[in-house]
Amino acid sequence: MAISIYFSLLLIFLSHVLSSHAEPFIGVNIGQVADNLPPPSETVKLLKSSSIEKVRLYGADPAIIKALAGTGIGIVIGAGNGDIPSLAADPNAASQWINSNVLPFYPASKIILITIGNEVLMSGDPNLVNQLLPAMQNVQKALEATSLGGKIKVSTVHSMTVLGSSDPPSSGSFAPGSQAGLKGILQFLSDTGSPFTINPYPIFAYRDDTRPETLAFCLFQPNPGRVDGNTGIKYMNMFDAQVDAVHSALKSMGFEKVEIVVAETGWPSRGDPNEVGPSVDNAKAYNGNLIAHLKSMVGTPLMPGKSVDTYIFALYDENLKPGPSSERAFGLFKTDLSMAYDAGLAKSSGSSSNSSGQTPSGKVTSTGWCVPRNGATDQQLQASLDWACGQGIDCGPIQPGGACFEPNNVASHAAFAMNMYFQSLLKAYGL
């Protein structure tokens, strides 16, 4: 009887299998401003030994793209800011770019997104800003001419400074000076089903406010939380707050349904003596807890039950990057292919690296993690929650003060309860 009820309740849920064939949401940036990087073939072996399922390149290096052929790893390639004027002015230039950087490799190499420029709206160059959308449109038309429209998306990457307001998250809005340029871009993303890509770095928030509780908030570690006075939602980490601020900004412009992708986020493992925040312990805490948070599938308070596709910066240190020492110290791995620290990226890694106490504590197996189906009502979710907690599982963690009480919404609590019940069934039946 219990199993029958369980499967009827599962109609409200959708199982996401945490494997490379289902919901790839953990990616990594591969920068190349270095003279000591391993060959692409060794990089691909490293990627295949990890739970990294997407990579983002800052250009379109043919050696790396070719080495990734047949792996199933999603690839983001980029056209640089210097390419934008020609791509905008001449559709033939866009076609040539696609002919050179996509067609020789696709579909063996799984190119999924092309980013046009990086943080262009904050460049201070009005001509470049005005050329950005036409360049994106011409690349899109070139993809459509080769029957790849819809298969490969086109977007551009933004820094968090594109927001004029981000605190509290519900008040998120784009900077007034960016809104005019963004309106056409957002319409393009909406029309083509492409993502809005953003670079949130909680370490920058910590540099502006070095209180211990702010560091804990940025590192997904236990902290008092921060209440959004407009919604009453208590945020327990800066990453969720920043992503939800972007969501609110998109909603304020009428583009709530545009997907958000985190193109870059990370934490340096070392820095200069006068730099605030870089250390191995902090880098391990941020990236390890971020990865565990993503694997939990709990989502953010405004977008519960799914994980935002997130590309961690970066796979390797880049020893030739200019600037302070921290700029050369974001690598998850050393260039000899050993770990810089264990962030929980090995395929066998669970969520043990998470010390934030904000993610479900149940074991997530290859069977999957259930999250609410789109369209499930709060009444349906509450019924599932009440029933599951009545079957003898420990629902204490989602009670006030419990380790998984936040985010405090019925979708997150129901997902926790149903998965704990599911895991108890697997154990009872020896599965």
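The model is predicted: local features need pLDDT of at least 70, side-chain atom pairs count only at pLDDT 80 or more, and totals for chains, interfaces and linings use all residues. Residues are numbered from 1 along each chain as its sequence is written, and side-chain values use heavy atoms, with hydrogens and water left out.

**Overall content**

The protein chain holds 13 helices and 16 strands; helices (H or I, at least four residues) and strands (E, at least two) are DSSP runs, numbered from the N terminus. Of its 431 residues, 53% count as buried, where buried means under 20% relative accessible area with a 1.4 Å probe, protein chains only. Among contacts (heavy atoms within 4.5 Å) with a separation of 6 or more, 71% join residues 24 or more positions apart.

**Helix packing**

Two packed helices are described by the angle between their axes and the distance between the axes. Here axes are lines fitted to C-alpha atoms, for helices over the stretch in contact, and angles run from 0 to 180 degrees between N-to-C directions.

| Helix pair | Angle | Axis distance |
|---|---|---|
| Helix 5 (residues 91-101) and helix 6 | roughly 60° | within 8 Å |
| Helix 6 (residues 126-145) and helix 7 (residues 176-192) | about 20° | 9 Å |

Helix 5 passes helix 6 in a right-handed crossing; the near helix is then turned clockwise from the far one by less than a right angle, and anticlockwise if left-handed. On helix 5 the contact uses P91, A94, S95 and I98, and on helix 6 it uses N138, V139, A142 and L143. By class, this contact has 6 nonpolar, 2 polar and no charged residues. Nonpolar covers Ala, Val, Leu, Ile, Met, Phe, Trp, Tyr, Cys and Pro; charged covers Asp, Glu, Lys and Arg; the others, Gly among them, are polar.

The angle between helix 6 and helix 7 makes them roughly parallel, and their crossing is left-handed. Helix 6 contributes L132, L133, M136, Q137 and Q140 to the contact, while helix 7 contributes G184, I185, F188, L189 and T192. These residues divide into 6 nonpolar, 4 polar and no charged.

**Helix 11**

Helix 11 (residues 280-296) has 17 residues and reaches 24 Å from its first C-alpha to its last, close to the 24 Å expected at 1.5 Å a residue; the expected span is 1.5 Å times one less than the number of residues. Because 14 of those 17 residues are buried, helix 11 is largely enclosed by the rest of the structure. Just after helix 11, M297 takes a positive phi of about 65°.

Methods: Buried means under 20% relative accessible area, exposed over 50%, partly exposed in between (1.4 Å probe, protein chains only). Angles under 35 degrees count as roughly parallel, over 145 as roughly antiparallel, 65 to 115 as roughly perpendicular and the rest as oblique.
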